[in-house]
Amino acid sequence: MRHISVITTVGTLADARSLARSMVERQLAACAHIAPIESFYRWQGAVQNDTEFKITFKTRAEHYAGLEAAIRSEHPYELPDIHALALDQIYGPYARWLEQSTAVPSAPPGTRSQDD
């Protein structure tokens, strides 16, 4: 089973907390870490400098599409940064906790489960 960290940024601590809680409650992520950061970026032709909050979600790789869609639906930015990093090396007991803390992804409509 592959594990990933999914990262996004938001402009306020309240938005960060809201996204973090929502994704963990929905079992799309096992946990979420919030950290203040300073960002420099080009937007609408000008270099911007803002304080943001980086949210790092830990989850199963197969949750990426669902987690990305859920983040996009709740994200306050017009163009959110959402990306994933593979966790190639991960402590075994932590990996098992991560798997137990996330929902088993449901099969796409029209497919059969292994039990059928």
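This report walks through the core, a helix pair, an aromatic pair and one histidine of the structure above.

The model is predicted, so to speak of local features a pLDDT of at least 70 is needed, side-chain atom pairs count only at pLDDT 80 or more, and totals for chains, interfaces and linings use all residues. Residues are numbered from 1 along each chain as its sequence is written, and side-chain values use heavy atoms, leaving out hydrogens and water.

**The core**

Let us start inside. The largest nonpolar core has 17 residues, and Val6, Met23, Ile55, Phe57, Leu67 and Ile71 touch the most other members. Such a core is a set of buried Ala, Val, Leu, Ile, Met, Phe, Trp, Tyr and Cys residues joined through side-chain atoms within 4.5 Å. At least two residues of this core come from each of β1 (3-10), α1 (13-25), β3 (46-60) and α2 (64-74), and α1 gives the largest share, four residues. Helices (H or I, at least four residues) and strands (E, at least two) are DSSP runs, numbered from the N terminus. Not counting residues up to four places away in sequence, isoleucine 55 touches Val6, Ile7 and Thr8, among others; contact means heavy atoms within 4.5 Å.

**Two helices together**

α1 and α2 pack at an angle of about 145°, with their axes 11 Å apart. Axes are lines fitted to C-alpha atoms, for helices over the stretch in contact, and angles run from 0 to 180 degrees between N-to-C directions. In this contact Ser18, Leu19, Ser22 and Met23 of α1 meet Leu67, Ala70, Ile71 and Glu74 of α2.

**An aromatic pair**

One aromatic pair turns up in a search of the whole structure. The ring centres of tyrosine 94 and tryptophan 97 are 5.4 Å apart and the planes lie at 40°, so the pair is tilted. Rings of Phe, Tyr and Trp (its six-membered ring) pair if their centres lie within 6.5 Å; planes under 30 degrees apart count as stacked, over 60 as edge-to-face and the rest as tilted. Both residues sit in helix α3 (residues 92-101), three residues apart, about one turn of the helix.

**Accessibility and histidine 83**

Buried means under 20% relative accessible area, exposed over 50%, and partly exposed in between (1.4 Å probe, protein chains only).

| Residue | Relative accessibility | Class |
|---|---|---|
| Tyrosine 94 | 27% | partly exposed |
| Tryptophan 97 | 36% | partly exposed |
| Histidine 83 | 30% | partly exposed |

Histidine 83 belongs to strand β4 (residues 82-86). Between histidine 83 and threonine 8 there are 75 residues in sequence and 6.9 Å in space, C-alpha to C-alpha.
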